[in-house]
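Thanks for making the time this morning.

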Amino acid sequence: MLSLKEKDRPIVRKLLCAGCCVRCVLRFCCVGTCSAYRRSYEDIHKELLAFISEESSPQPHDASGEEKTDEPPNKRLRIDEGSTEASVTAAQTDSDICPVCLGVLQDFCDPTFAKQVSDAVKNQQYEFNSLVLTVSLPAQLSVREHSCWLHVKKEIREKSMCLGKEDVIQVKDAFKWAVQGKIGQELGAAVLANSSCEVSVGFMHPETEEDCHFLANTCPDCFKPTKNKASIFTRMAVVKALEKISEEKFSRHYPCPPKKTNTRCTALDTTCLHTSVFIAGRYNKFSRELPQTPWVIDGERRMDGSVEELIAAPLLSSFRADGFNFSSSGREDVDVRTLGNGRPFAVELLNPHRAKFNRTEIKQLQETINQSSDKIRVRDLQIVTREATSRMKEGEEEKTKTYSALIWTQKAIDSTDLEFLANIKDLKIAQKTPLRVLHRRPLAVRPRLIHSMSSIYLDGHHFTLKLCTQAGTYIKEFVHGDFGRTKPNLCDLMKTNADILELDVESVDIDWPPAIPD
Amino acid sequence: ELDCITIRLHLLSDSEKKAPSVIDRYFTRWYKTDLKGKACEDHCILQHSNRICVITLAESHPILQNGRKIKNINYQISDGCSRLKNKVSGKSKRGGQFLTEFAPLCRITCTDEQEYTIFSCIRGRLLEVNEAILNKPDLLLEKPSTEGYIAVILPKFEESKSVTEGLLTRERYEEVLTKRNQQEEPC
């Protein structure tokens, strides 16, 4: 039973008179029980009529209600309190639409629409056991709501009562209460306030789009000019303007109660969005001809494949995601290998249709990636939270990395010429932005530390240099000097021209993500 | 792994000469000769594959001949303009002085009182001038193509390819040199 009080009676009457649907009537009576909105239209209608007829004054005839039970349940009674004859007009189809919710709380609250929404979700084949329902309504509904509220306020003020706008139940809430039970049932999932799976239902009403426009004249500062020709009448802007505008000004520009319309809202396609899933791991790169990210210039692919594509491809397909974002703790050049434990990375999978995987399945995915190419290898593959990915970029200046470089020297050397390198500890260097990245990086001087070095003599003009450096050090430039813009550099230390022929990353010293034993 | 390296090194051969240098790997050499009609005042523009250009003296420039020594390098090219005051900020290098082909970069005075002006040779935004040669002018004499560079310029994106249209390739430059030798022009 609806928990309507004596004080609600004039409100119910006034709203039914104005042509409001029964659920909007309940809203303005501040009925906050979800089950009330789930009841069928006829049920609610019957009870409302019974409620207002409890008084001794004018008896309504609900002839139209009874006659047309086969018809869509969106008829309402016209009550003319002033006349002695109950003027019951068989509601015309074009006046059936509630002028406040524009039909959202009428037919769209039927089980058939809930099934439609559920079927649309099923078609998109998501795996989930809970969902959150979001509803988007056209901005003009706020205007009509405001108008109806002023209309009701006027009526009850005369009876020295008060109705705060916050007390009125919002259309969104009433709609969700009406449909979420059925949707949850159809989909076999709990409809919660928060969930990783979001089902969005939207409505639009082109016929009344201009309802908001007068607000641009009365409260111009609420509406910011937009780029891309998008409408300036956003929901937020309209709500803000309605808070500012005086009752008197509003009533002058907009009818209270709101005028009836010829059409009802149309439903937009139901869309689903699953929050991103993050997969982390460490990768090795064994090829000297593989970029980390796709190498495209002027729309043309310059080199086939990339580390990120090789890692993401099997993930995209297993998780059935729409796309991905790849990030890692630093990067290596195309011609540099990444050895040792590998470099930490994280892949954000966008809108995954499947999100739950157990350890074995993830292990399997890791195998699949490793089998797909001998150019890369991944380890410690695991699902992580979004927050955990910040560990990757953490302390980028404090972390260290170790490298192995094949060095050429112009002057002839013997093994004793290299001994001094092992005695150098925490060498401070200053690196101006290398010329090879200067086109896309700001010009700056970066102080860096070479923590330690060791060498392996190869022949009169070659040796292997191992270095442990601060993260963010440009190794190639430390070796050849980059036109003297890295100081000191290996040429300075060895007092000869030197160049780097090959570079390998031996380790990236970050202890994240956690190791997964095989 | 050591075996792989040793094999590769044998292919490179144990000598001074080796696989392409940094400049060979990343840059294309362009030349502008007889700047402003002055005999042999040749510049070499090193164009990186990422479109950044480094302005240097060509090996045939008078400053590098006959054991000349440098007395002074001055980046103050006019009362109101010093290349040392050039400041760029951000990724798009805002604030850099915009140069045209004949914008002077610096004036170099040698100990024999000869004065030479070094020019931009290309259109673009000045990113930096080499301050190391102010303290150590010998760098310019000893390593004119690397540590003794004069300036770094970033051409406009739309002009990245066209910026070298008025310049000579290495081949054409060598032809100019050959012709000079035949005519025995003193520099």
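Let me begin at A:F214, which sits in helix 9 of chain A, the helix that covers residues 214–218; and since this is a predicted model, please take every value I quote as computed from that model. Is A:F214 buried or exposed? With a relative accessibility of 11%, A:F214 counts as buried, since the cut-off for that word is under 20% relative accessible area. If we set aside the neighbours within four places in sequence, the residues in contact with A:F214 are A:V143, A:I245, A:F250, A:H253 and A:Y254. If you now look for A:S195, you will find that 19 residues of sequence separate it from A:F214, while the C-alpha to C-alpha distance between the two is 38 Å.

Let me turn to the domains of chain A. The assignment gives domain 1 as 6–52 + 94–211 + 254–273, domain 2 as 276–397 and domain 3 as 399–508. Which three residues supply more than any other three of the area that domain 2 of chain A buries against domain 3 of chain A? They are A:R288, A:L339 and A:E397, which together supply 33% of it.

As for polar interactions, the rule finds six salt bridges across this interface of domain 2 and domain 3 of chain A, and it also finds ten residue pairs in polar contact there, with both residues at pLDDT 80 or more.

Next, please find strand 12 of chain A, residues 400–409. Nine of its ten residues are buried, and therefore strand 12 of chain A is largely enclosed by the rest of the structure. Strand 12 of chain A pairs in the antiparallel sense with strand 15 of chain A, residues 462–470, over nine bridges, and in that pairing A:S404 has A:K466 as its bridge partner. Strand 12 of chain A is also joined by nine bridges to strand 17 of chain A, residues 498–508, and these two again run antiparallel; here A:K401 stands opposite A:V508.

Some backbone details deserve a careful look. A cis peptide bond joins A:C256 and A:P257, with omega at about 5°, and A:P257 lies in the loop between helix 11 and strand 4 of chain A. Another cis peptide bond joins A:K487 and A:P488, with omega at about -10°, and A:P488 is placed in the loop between strand 16 and helix 16 of chain A.

Then there are positive phi values in residues other than glycine. A:D482, in the loop between helix 15 and strand 16 of chain A, has a positive phi of about 50°, and A:D482 is buried, with a relative accessible area of 4%. In chain B, phi of B:K36 is near 50°, and that residue is found in the loop between strand 1 and strand 2 of chain B; B:K36, however, is exposed, with a relative accessible area of 52%.

Let me finish in chain B, with an open sheet of seven strands in the order 7-10-11-3-2-1-12, paired antiparallel. Which strands stand at the edges of this sheet? They are strand 7 (98–99) and strand 12 (168–169) of chain B, each with a single partner strand, so one side of each is left without a neighbour in the sheet. Strand 7 of chain B pairs with strand 10 of chain B, residues 124–129, in the antiparallel sense over two bridges, and B:L99 stands opposite B:G124 there.

How values were computed. Residues numbered from 1 in each chain as written. Chains lettered and ligands numbered in written order. Predicted model: local features only at pLDDT ≥ 70, side-chain atom pairs only at ≥ 80, totals over all residues. Heavy atoms only, no water. Buried < 20%, exposed > 50% of the residue type's maximum accessible area, 1.4 Å probe, protein only. Helix = DSSP H or I, 4+ residues; strand = E, 2+ residues; numbered from the N terminus. Pairing = 2+ DSSP bridges. Domains from an automatic or database assignment. Buried area = accessible area lost by both parts, 1.4 Å probe. Salt bridge = Lys/Arg side-chain N within 4 Å of Asp/Glu carboxyl O. Polar contact = N/O pair within 3.5 Å; in protein donor to acceptor, adjacent residues only side chain to side chain. Contact = heavy atoms within 4.5 Å.
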